[in-house]
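Open the model in your viewer and keep the selection panel at hand. This tour goes stop by stop.

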Amino acid sequence: MSGTPGFLSLRGLERRYGTVNAVDVVDLDIGRSEIFALLGPSGCGKSTLLRMLAGLEGIDAGTIHLDGELLNAQPAHRRPVNMMFQAYALFPHLTVADNVAFGLRQLGMETARLRARVEEMLALVRMSDYAARRPQQLSGGQQQRVALARSLARAPKLLLLDEPMAALDRQLRVEMQRELREILRSIEITCVIVTHDRDEAMTMADRIGLMQQGRLVQVGSPEAVYDRPRTRFAAEFLGPVNLLDGVAESADRVRLGDRLLPTAGAAPGARITVAVRPEDIDLHLAPPAHGQALAGTLVGIDYMGAHRVLEIEVPGLPRLSVIVSGSAQKTPPPGTAVWLDWWPEDAVVLEETS
Amino acid sequence: MPETPARPWGRWLVIGIPLVWLSLFFLLPFGIVLKISLSEAAVAIPPVQPWFGVEGQWLSATFEHFRLLVSDTLYLSAYLSSLRIATVSTVLCLLVGFPLALGLARAAPRWQGILLLLVIIPSWTSLLIRVYAWMGILGNTGVINNMLLALGLIDQPLVMLRTDFAVYVGIVYAYLPFMVLPLYATLVRIDPALLEAAADLGATAPTVFLRVVLPLATGGIIAGSMLVFIPAIGEFVIPELLGGADTLMIGRVLWQEFFNNRAWPLAAAVAVVLLAVLLAPLWLFHHQQSRSLELER
Amino acid sequence: MSLRVAMIVVFVFLYAPMLLLVIYSFNESRLVTVWAGFSTRWYGELFRDRQMMSALWVSLRVAFMAATTAVVLGTLAAVALTRLGPFRGRNALGVLVTAPLVIPEVITGLSLLLLFVAMGQLIGWPAERGMVTVWIAHVTFATAFVTVVVAARLARFESALYEAALDLGATPFRAFVQVVLPVIAPALLAGWLLAFTLSLDDLVIASFTTGPGATTLPMVVFSSVRLGVSPKVNALATLLIAFVVLAALASWWLMQRRSAYRDT
């Protein structure tokens, strides 16, 4: 994390629709120049939260401070906050240059400075050659760049990105994610991104805030949220995972069936669920010496290019997925007996909240 | 749908039947109007020289009717007054219709259907009846005067019926749905995110309206205005029932020349000039229609 | 909020005059706008008015025939304009179809009358003007309205449905009749109703193109109203408004049902 904490500060933020709490008591601090991703499934309240920051949505309770200033009562057009809209919302009746100039005109900026600023912004997103075009004449990626230039032109203190890649096709997405991240880093802007795509959140953000039913359920760096999910929901939303129910034998041992496997931080005697990522499971073709590996049978193989996903059946447990990489020849055929184990820190004990 | 080479005659029937009907009963008549406007008047039934003049010389053209239209100030002032009344009514219609259309477009989707229906219903009832309704409201013993007299606000009835004011009210009332529908159609298609984007970029509500809503509604404004302006210029019923004897409108003049004076060639000449006046707005309307049809697809 | 107030004001402007017509149709007094107690006597007088009733019958017959013909022609024109791709004369058809929407009625009426007169002199038909000539005139301008309504619907029509029918072996004609027509049926009905009311309402074009023995209802109403307000006309207006409101409610109900059907 970079910058000083609390540049953007949310306290007890709430938004209700009838009896539903779209945003349910959110507390969050985001540092200056930090890129923060709000990640969650559709309907989790992330877009509502973003629109509250923009001033496009009312606030039922709580406060929003930006750079020490209370934003609550400021209407959208007065906030030092700009947003890149989901489908970009470029004005179809204006040229690219006029779209970028729109926000500057509202400031009453003199023509020479305005023109210079528009050129600067278009150069930043490498769209200088398209200034006279209309948005309809641009490709999706080009429209996105114009939308970015338009939202950056007023030099906002906070930039909001609403599903920035949703309107692009898959191929272009990866490319644009990288490019967008470079631009945002280069101008050191504070930024909140809303997305339902975990890869997008992990590639672009310094920190991720995972949202579920209006609440922030976990906040942390992409690695932290991925490797140490706190709930079943967090574990599953960030990627494929094996969820295994067992009883904690001691602080670092969990009983799964008739074997004891390593884990970390369990309360002895409790029924717990551990989450193990498929790539963290070690596969053995002979029983390891410690004698406490899960014994199972290989039942299926999915070839995914660089790696393979093996399906393993272990008596008394749900079917497990294991990811192995390396040469395909080394993969045993289905029906082979295999043994599985993992390192203690790779089996995360989940909170039984959900 | 793809073209179907298997049955080209089916394709030609689909195109041909409406094309022939409209050519015969819509296009051809204009040619005849032009021909009659150049014919001699006659004391006969019908009151024009026969189609084939004496000895088959059927192109015996005369410009006397057009000359009359130019020389007699009655006609010139009728054209000008029609243009004035139609222009003012169109602007009034736009001023009344725009907030209504905007309100419709912003209403909750489940209300839009019923509200739209409420706008259209009046146009399903008879124009004649709706104009007639205003006779009972604006007259000297009409609803408004009765109320004002009873309240003691006036002691002489206000003269409203048989004035230009009544004609404006009548045209706005009768043509309002034609203004509102195209306006609504364009306004409802404006992506709300554009308005939010404008506000996000610092535009105040009036600026959002002037710089985003209005430019994006241009198509609807043109279509609606033409749907009011063009028929209003030639309007007959409204000035006849609500206007005064001095409310000159060209539709009324044409009617009187035709029915009262039985001056068919002169009426035809009036129609020809009126059509010429309307060519520019007609072209504008057609241009707008085909553009929105293109967008539709 | 101010937008809502503006909307209410405009709706009052639209409906108050009609409401007043209805109220005063139940007025005992011959002076329409001076209230003299509730009465239905003008409805009785309306139905006993021979001239009005026979004019109504003429108008209904003309409107029915004109609307039906206009739906056929308008649907053909709409298909030609939206679904047949480019062809020679497409622009001409487009102009011919949209122009009658806005051409002032006095011009349309006059030009059609002059056509009928010329045809009568040239080929002996129509020898006399009457219901048939009014029918032709009404078809001509109502077709434009039907075309607009149907073309708007066809433009949104999912081509895959038609193509699926062809793929399953239907001829283009059968595919149109069995697949396209049922789907666009509500638009056809809307177009028919629009054409019907336009024809029923028309005064100007009918005045030009009619002949002896074919006086339409608006012509009778117009000559009576010209002389001032009349309680009988109020009664007639009330019946018409009631009819239109019922039709509107029915179409709204149909729309609701259809959208409920779509949602499930």
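**Before you click**

This is a predicted model, in which local features need pLDDT of at least 70, side-chain atom pairs count only at pLDDT 80 or more, and totals for chains, interfaces and linings use all residues. Residues are numbered from 1 along each chain as its sequence is written, chains are lettered from A and ligands numbered from 1 in the order in which they are written, and side-chain values use heavy atoms, with hydrogens and water left out.

**Stop 1: the two domains of chain A**

Select 8-235 of chain A for domain 1, then 240-349 for domain 2. These bounds come from an automatic or database domain assignment. The domain centres, taken over C-alpha atoms, lie 40 Å apart. Eight residues of domain 1 and nine of domain 2 make the contact (heavy atoms within 4.5 Å).

Now turn to the area. About 710 Å² is buried between the two domains of chain A, and carbon and sulfur atoms give 48% of that. Buried area is the accessible area (1.4 Å probe) that two parts lose on being put together, summed over both. On the domain 1 side, select Tyr226(A), Arg232(A) and Ala235(A): they lose the most area to domain 2, together 69% of what that side buries.

**Stop 2: across the domain boundary**

The term means a side-chain nitrogen of Lys or Arg within 4 Å of a carboxyl oxygen of Asp or Glu. The count between the two domains of chain A is one salt bridge.

Next, colour α7 (222-227) and α8 (232-237) of chain A, the elements that give two or more residues to the domain 1 side. Helices here are DSSP runs (H or I, at least four residues), numbered from the N terminus. The largest share of that side, three residues, comes from α8(A).

**Stop 3: chains C and B**

Select the contact residues: 90 from chain C and 92 from chain B. Chain C and chain B bury about 8,500 Å² between them, 82% of it on carbon and sulfur atoms.

Which residue forms a salt bridge with Glu240(B)? Pick Arg226(C): its closest N and O atoms to Glu240(B) are 2.7 Å apart. The count between chain C and chain B is one salt bridge.
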